[in-house]
Amino acid sequence: MYRIGIDLGGTNIAVGVVNENYEIVAHHSVPTGASRPAEEVIRDMGDAVEAVLVKAGVSIDQCESMGIGSPGNCDSERGVVARAYNLGWFDVPVCAMLQERFGIPVRLSNDANCAALAETVAGAAVGCENMVLITLGTGVGGGIIIDGKIYAGMRSAGAELGHMLLVLDGEPCTCGRKGCWETYASATALIRQAKKAAADHPESLLAQAEEITGLAVFQAADKGDAVAQAVIDQYCVYVAAGFTDLVNSLAPEMILLGGGISRQGERILAPMREYVMNNCFGQKDGAIPVIKAAALGNEAGIIGAAAL
Ligand SMILES: [Zn+2]
């Protein structure tokens, strides 16, 4: 038997057929065209499913279920995208619409939750029943797996981990609050911190960079720039301070780090582990999780959706 995973993004709809080992056997992608009415986008999602089945040489009868990973707030119980600003979707019953067309069960969850689930079935957390995936990007995304299942809370509104508080009355957040973790720990925040350091230290390589990107900060540190290294050291503390709260509240077996910055590997993971060990409840005798990089890249959305 196979399962179908749909990774619905603001730019592209990626659809895949996965086998029982959660390997993608065929893949198809079409532009989302998010400015159109939801009905049209969902019709294209269905057409993409038909196209990927042809590519896979698999019929819909050989598919057990279909899953959708969507941005925004998704009510998994009702199969409704409640609020997705980058799609312009409000209360869209996407599961019912695809179920009617294909006649197999269709499940829905938030894309960050799907990515976390994907890591437990086919990535860096296989066999791990309690884990958290943190993705550092424009914001800080979070997915919580408890007893092998996504924990999403009432109306699937939970696991907004980027909006835990790090600094009371700190930096303004897109959510309306001030001092959320993501305003210090996102890739966007790293760039803001580096720009400030560049302005304060005109002698730094950062000040000479054509454009300050996340990667540029690490490259400057590679060339021995102490200002860039200090920015990275402080950034690792911001990220690890949030990890410590997750350890104290959930005691997961594992925390996985995703997003482009996670490709920096041990140079950021090692100081984060050390911070968690020195600051979590019980310190080195506390419930210290494994902290490492996520293994799945772009495929996580499809695999996680299929695993719903
Ligand atoms: Zn916030």
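Residues are taken as buried when their relative accessible area is under 20%, as exposed when it is over 50%, and as partly exposed in between. These terms are applied here to a predicted model.

In helix H2, which spans residues 94-102, the buried residues are Val 94, Cys 95, Leu 98 and Phe 102. Viewed down the axis of H2, these buried residues fall within an arc of 95°, so they line one face of the helix. The cover over the buried residues of H2 includes helix H1 (38-56) together with strands E1 (2-8), E4 (63-70), E6 (80-84), E7 (89-92) and E8. Glu 100 also belongs to H2, but this residue is exposed, with a relative accessible area of 72%. Its value can be set against the cut-off: Glu 100 counts as exposed because 72% is over 50%. The C-alpha atom of Glu 100 is separated by 57 Å from that of Ala 199, and the two residues are 99 apart along the chain. After H2 comes Gly 103, which has a positive phi near 70°.

The chain is divided into two assigned regions, domain 1 (2-104) and domain 2 (131-293). Taken over C-alpha atoms, the centres of domain 1 and domain 2 are separated by 31 Å. Both domains contribute to the second largest pocket, and each of them supplies at least three residues of its lining. The volume of this pocket is about 490 Å³. Its lining consists of 18 residues, and those nearest the pocket centre are Ser 76, Ser 109, Lys 149, Ile 150 and Leu 308. By residue class, the lining of the second largest pocket comprises eight nonpolar, five polar and five charged residues. Two strands, E8 (106-110) and E11 (149-150), each provide at least two lining residues. The largest contribution to this lining is that of E8, with three residues.

Positive phi values also occur in residues other than glycine. Asp 147 has a phi near 50°, a positive value in a non-glycine residue. This residue is placed in the loop between strand E10 (140-146) and E11, and E11 is one of the strands that supply the lining of the second largest pocket. Asp 147 is exposed, with a relative accessible area of 56%. For Gln 283, phi is near 45°, again positive in a residue other than glycine. Gln 283 is located in the loop between helix H9 (266-279) and strand E13 (290-293). With a relative accessibility of 42%, Gln 283 is classed as partly exposed.

Ala 307 lies in the segment that comes after helix H10 (300-306). The relative accessible area of Ala 307 is 18%, and the residue is buried. Apart from neighbours within four places in sequence, Ala 307 is in contact with Tyr 22, Leu 117 and Val 121. Ala 307 and Gly 242 are 65 residues apart in sequence, and the distance between their C-alpha atoms is 28 Å.

Met 164 is situated in the loop between E11 and helix H4 (182-185). Met 164 and Val 106 are 58 residues apart along the chain, with 31 Å between their C-alpha atoms.

Ala 187 is part of helix H5, which covers residues 187-200. Not counting residues up to four places away in sequence, Ala 187 touches Leu 136, Gly 137, Tyr 235 and Ile 261. The C-alpha atoms of Ala 187 and Met 97 are separated by 36 Å, and these residues are 90 apart along the chain.

Technical notes: Residues are numbered from 1 along each chain as its sequence is written. This is a predicted model: local features need pLDDT of at least 70, side-chain atom pairs count only at pLDDT 80 or more; totals for chains, interfaces and linings use all residues. Side-chain values use heavy atoms; hydrogens and water are left out. On a 1 Å grid over the protein atoms alone, a cavity is a set of points where a 1.4 Å probe fits but cannot get out, and a pocket is an open set with protein on both sides within 12 Å along at least five of seven lines; lining residues have an atom within 4 Å of a point. Grid points are joined across faces, edges and corners, and a volume is the space filled by probe spheres set on the points. Helices (H or I, at least four residues) and strands (E, at least two) are DSSP runs, numbered from the N terminus. Ala, Val, Leu, Ile, Met, Phe, Trp, Tyr, Cys and Pro count as nonpolar, Asp, Glu, Lys and Arg as charged, and the others, Gly among them, as polar. Domain bounds come from an automatic or database domain assignment. Buried means under 20% relative accessible area, exposed over 50%, partly exposed in between (1.4 Å probe, protein chains only). The arc is that of the directions from the helix axis to the C-beta atoms. Contact means heavy atoms within 4.5 Å.
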